[in-house]
Amino acid sequence: MTTKIFIFFLQSVLFIIHIAPLRSQIFSSYASIQGEWHLLHASIGISAMHMQLLHNNKVVIFDRTDFGRSNISLPGGRCRFDPSDTVLQTDCTAHSILYDIRTNTFRPLMVQTDTWCSSGAVLSNGTLIQTGGYNDGDHVVRKFVPCMDNNCDWIEFPDSLSRRRWYATNQILPDGRSIIIIGGRQQFNYEFYPRNSQHSSSSRTFFWLEFLRETSDDSEDNLYPFVHLLPNGHLFVFANVRSILFDYRTNRVVREFPEISGGDPRNYPSSGSSVLLPIDENRIHEAEIMICGGSPRNSFLSAKRGSFIRASSTCGRLKVTDENPNWAMETMPTPRVMGDMVLLPNGDILVINGAESGTAGWGNARNPVTRPVIYRPDRPENNRFSVMQPSLRPRLYHSTAILLTDGRVLVGGSNPHIYYNFTGVEYPTDLSLEAFSPPYLAAEYEPLRPRIVYVDEVWGYKQSFLVTFKVPNFLKKGTLSVRIIAPSFTTHSLGMNQRMVVLKGVEISYGGSGAYRLTVVGPSTRDIAPPGYYLLFVVHASIPSSGVWVK
């Protein structure tokens, strides 16, 4: 037994010595590869204004009901009858679809009330809870329960919200069963779903948040506030240029952070984007927020007059767990408004979609930014951004991007018009669906790409679990990590509930037949990872495996 271990150790040392030049070559070329675009469908019948990946590897996509007729019919001769609709009271077309990643097919879904500019979150059981919208939809809660056949569809619950929720933000809470719904147009308050949750009471169905009133200006600039659940259980809430640490359990502002540098508003309609950078269980529980893009103050009003101001080119990072945090500012390769920030499995940040000038809103932007950029948070400053291959399609107002199970990024939408408008305009309504493949999916990285062959599907907090994977050219333990990602509900440049946790790896061993066994520890608290479904990735030398669902 001792001899076998020594032989394996000697082989590993010789292999690492042999592979070291290859590793150096791969790392140096990674930034030079610019990714690839693939058109999945020229038309899915609707414009992808809202998207959510579900744990059955299907994506719920929807736009709004008051556009008029879409380009996809409801099945079986069904029609939607809605006397409140401002455009079409009888509509036999769909405004929501379910996209199947594996088969690259989609089917229409039936949504009754208007979902325009709404919000959502996924409960621990995998059910999508979708809230609010416009007109007859602004007080509605909708549920979508994933299924493996074609029988699941939207279920709607009218008058289930205490206040109008149009441009609100949803955040799943640590119990995995409750959602806080914050803000919305002229709504300087928040509430909880369900109403009878432990956070609500029969006497109070909503709670005032003065911070939202204080951050509203002539252009509003505080809609879709950026909200992130922090490892200490409090919420980070950002609106306009200000941010707070908020204890939702006691309705108390714990502290206010410094204003983001530069004075440019970051929330809708001056739409920047925001992510909570990966939480690493191997470190003391630090939490850092990153916000990119936006528009100078009064850009929205200026765009309405036909003058399109250059968007913000800055990103700010704020380590909110520091005793005296301050924004650290960086400059993107191009200015960007209405960009989407997507956490990639290796911890990089993809910034995609948007425009160089103007703001969100009907016809308010010019100069589309078709080149995504990848930001690598752990690289030296001034060497973190890499410019990617451009798309052939501009993605402006009402465009979206989400991470898929295999590491690609699904991209769709763009409708800067009040209705579907395909002709006679500078930026027509776009019904297509694309996939962007980041550099780590390039064929030259196959020797380093892990493949998960076994993982425990149900995990407990602080418990040890086994992940078995294969990789053609294993470098060394120091290049290995295991990460879980909660997919986002994405709309209007905001990925609600998006989060990544880097897990503790305890022990790695060689299991024979090219397989390695890795013992990892589940998340330490519900504040760090609320109960629910996550995509698990093994990352080796910055190259991720395909994701596997764990609960």
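This is a predicted model: local features need pLDDT of at least 70, side-chain atom pairs count only at pLDDT 80 or more; totals for chains, interfaces and linings use all residues.
## The stretch 449–551

Let's start with residues 449–551, where the chain is 55% strand and 0% helix. In UniProt, an unreviewed entry gives residues 449–551 the feature "domain: Galactose oxidase-like Early set".

Now for a pair of strands elsewhere in the chain. Strand E16 covers 226–229 and strand E17 covers 235–239. The two pair in the antiparallel sense, with four bridges between them. One of the residues involved is Leu-229, whose bridge partner in E17 is Leu-235.

What covers E16: one face or both? Both faces are covered. Phe-226 and His-228 are buried on one side, while Val-227 and Leu-229 are buried on the other.

The hairpin has five residues between its strands, and Gly-233 takes a positive phi near 90° there. Asn-232 also belongs to the loop between E16 and E17. With a relative accessible area of 43%, Asn-232 is partly exposed, because that class runs between the 20% limit for buried and the 50% limit for exposed. Asn-232 and His-285 are 53 residues apart along the chain, yet their C-alpha atoms are separated by 8.5 Å.

## A four-stranded open sheet

Next up is an open sheet of four strands, which run in the order E25-E26-E29-E30 with antiparallel pairing. Its edges are strand E25 (340–343) and strand E30 (385–387), each of which pairs on one side only. From one strand to the next, the twist averages 25°. As for what holds such an arrangement together, strands of a sheet pair through backbone hydrogen bonds, in either a parallel or an antiparallel way.

Take a look at the E25 end of the sheet. E25 pairs with strand E26 (residues 349–352) in the antiparallel sense over four bridges. Within that pairing, Leu-343 has Ile-349 of E26 as its bridge partner.

Val-87 comes from the loop between strand E4 (80–81) and strand E5 (90–91). Is Val-87 buried or partly exposed? Its relative accessibility is 31%, so Val-87 counts as partly exposed.

Methods
Residues are numbered from 1 along each chain as its sequence is written. Side-chain values use heavy atoms; hydrogens and water are left out. Buried means under 20% relative accessible area, exposed over 50%, partly exposed in between (1.4 Å probe, protein chains only). UniProt positions are given in the numbering used here, feature names are shortened, and annotations may be inferred rather than shown by experiment. Two strands pair if DSSP finds at least two bridges between them. Axes are lines fitted to C-alpha atoms, for helices over the stretch in contact, and angles run from 0 to 180 degrees between N-to-C directions.
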